[in-house]
Amino acid sequence: MKNELINKMDDYMISALKSGDSSAIDSFLESYGYDIEVVNNIADKSFKQITFSLKGQLNSQKDEILLEKVTKYFQDAINKNIEKPISYLRNLVDSNQLAFGHRNLEKLTSDDIKELIKDHNLLDILEKLENDEKF
């Protein structure tokens with residue numbers, strides 16, 4: 001019975017969606033005793049949860065990309081011995097309460113740099129790195 005109803009609903013919804021008539025779906029559900037207001041509330045809640053989750057995943061990916069980019073800038077600055085970014089990184093090391101014990105910045109790994117900068121405004125750091133004169 002349940003599978004038969006699901007198959008009928010699928011066929012009916014696909015047909016209604018193809019014709020662009022969403023009210024037909026409401027009528028179909030009502031004919032099987034569903035309260036459209038309850039169905040719409042469940043659909044709205046589900047949509048909001050999925051949207052929130054997707055936004056969180058996108059923001060997480062954006063933060064990870066930004067973190068990688070800033071880390072690469074600092075590693076390049078260390079390798080090329082560029083004074084201003086190194087000075088900024090040294091200030092981060094000095095102010096970090098995790099006590100890295102890395103006074104020699106050349107020994108910082110990319111994970112160390114990520115740990116140093118992860119709680120800072122990465123966009124601000126990136127802008128400063130890209131506009132080197134602001135350091």
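Analyst: Contact means heavy atoms within 4.5 Å. This is a predicted model, where local features need pLDDT of at least 70, side-chain atom pairs count only at pLDDT 80 or more, and totals for chains, interfaces and linings use all residues. Residues are numbered from 1 along each chain as its sequence is written, and side-chain values use heavy atoms, with hydrogens and water left out.

User: Let's start inside. Which residues of the largest nonpolar core touch the most other members?
Analyst: A nonpolar core is a set of buried Ala, Val, Leu, Ile, Met, Phe, Trp, Tyr and Cys residues joined through side-chain atoms within 4.5 Å. Buried means under 20% relative accessible area, exposed over 50%, and partly exposed in between (1.4 Å probe, protein chains only). The largest core has 19 residues, and those touching the most other members are V70, F74, L89, L105, L108, I117 and I125.

User: Which helices each supply at least two residues of this core?
Analyst: Helices here are DSSP runs (H or I, at least four residues), numbered from the N terminus. At least two core residues come from each of α3, α4, α5 and α6 (122–130).

User: I'd like to zoom in on I125. Which residues is I125 in contact with, leaving aside its neighbours within four places in sequence?
Analyst: I125 is one of the residues that touch the most other members of the largest core. With the neighbours within four places set aside, I125 is in contact with V70, F74, Y88, I117 and H120.

User: F28 and L29 are in α2 (residues 23–31). Why are the buried residues of α2 on the same side of the helix?
Analyst: The buried residues in α2 are A24, I25, F28 and L29. They share a side because the arc they cover around the axis (taken from the directions from the helix axis to the C-beta atoms) is only 135 degrees.

User: Which helices do those buried residues pack against?
Analyst: We're still on α2, whose buried residues include F28 and L29. Their packing partners are α1 (2–19) and α3.

User: And what comes after α2? Which residue follows with a positive phi?
Analyst: The phi value here is near 90 degrees. The residue that follows α2 is G33.

User: Now the helix pairs. At what angle do α3 and α6 pack?
Analyst: Axes are lines fitted to C-alpha atoms, for helices over the stretch in contact, and angles run from 0 to 180 degrees between N-to-C directions. The axes of α3 and α6 are 10 Å apart, and the angle is about 35 degrees.

User: How many charged residues does the contact of α3 with α6 have?
Analyst: On the α3 side the contact is made by D63, L66, L67, K69, V70, Y73 and F74, and on the α6 side by L122, L123, I125, L126, L129 and E130. Ala, Val, Leu, Ile, Met, Phe, Trp, Tyr, Cys and Pro count as nonpolar, Asp, Glu, Lys and Arg as charged, and the others, Gly among them, as polar. There are 10 nonpolar and no polar residues, and the charged count is 3.

User: What about α3 (36–80) and α4 (83–95)? At what angle do their axes cross?
Analyst: F74, A77 and I78 of α3 meet P85, I86, Y88 and L89 of α4. By class, that contact has 7 nonpolar, no polar and no charged residues. The axes come within 8 Å, and they cross at roughly 115 degrees.

User: Is A77 buried or exposed?
Analyst: A77 is found in α3 and touches I82, P85 and I86, not counting residues up to four places away in sequence. Its relative accessible area is 2%, which means A77 is buried.

User: N81 is in the loop between α3 and α4. Is N81 buried or exposed?
Analyst: N81 has a phi near 55 degrees, a positive value in a residue other than glycine. Its relative accessible area is 59%, so N81 is exposed.

User: Which residues does K114 contact beyond four places in sequence?
Analyst: K114 is in helix α5 (residues 110–117). It counts as buried because its relative accessibility is 16%. With neighbours within four places left aside, K114 is in contact with E64, L67, E68 and T71.

User: One last thing: how far apart in space are M9 and V93?
Analyst: In sequence, M9 and V93 are 84 residues apart. C-alpha to C-alpha, the distance in space is 61 Å.
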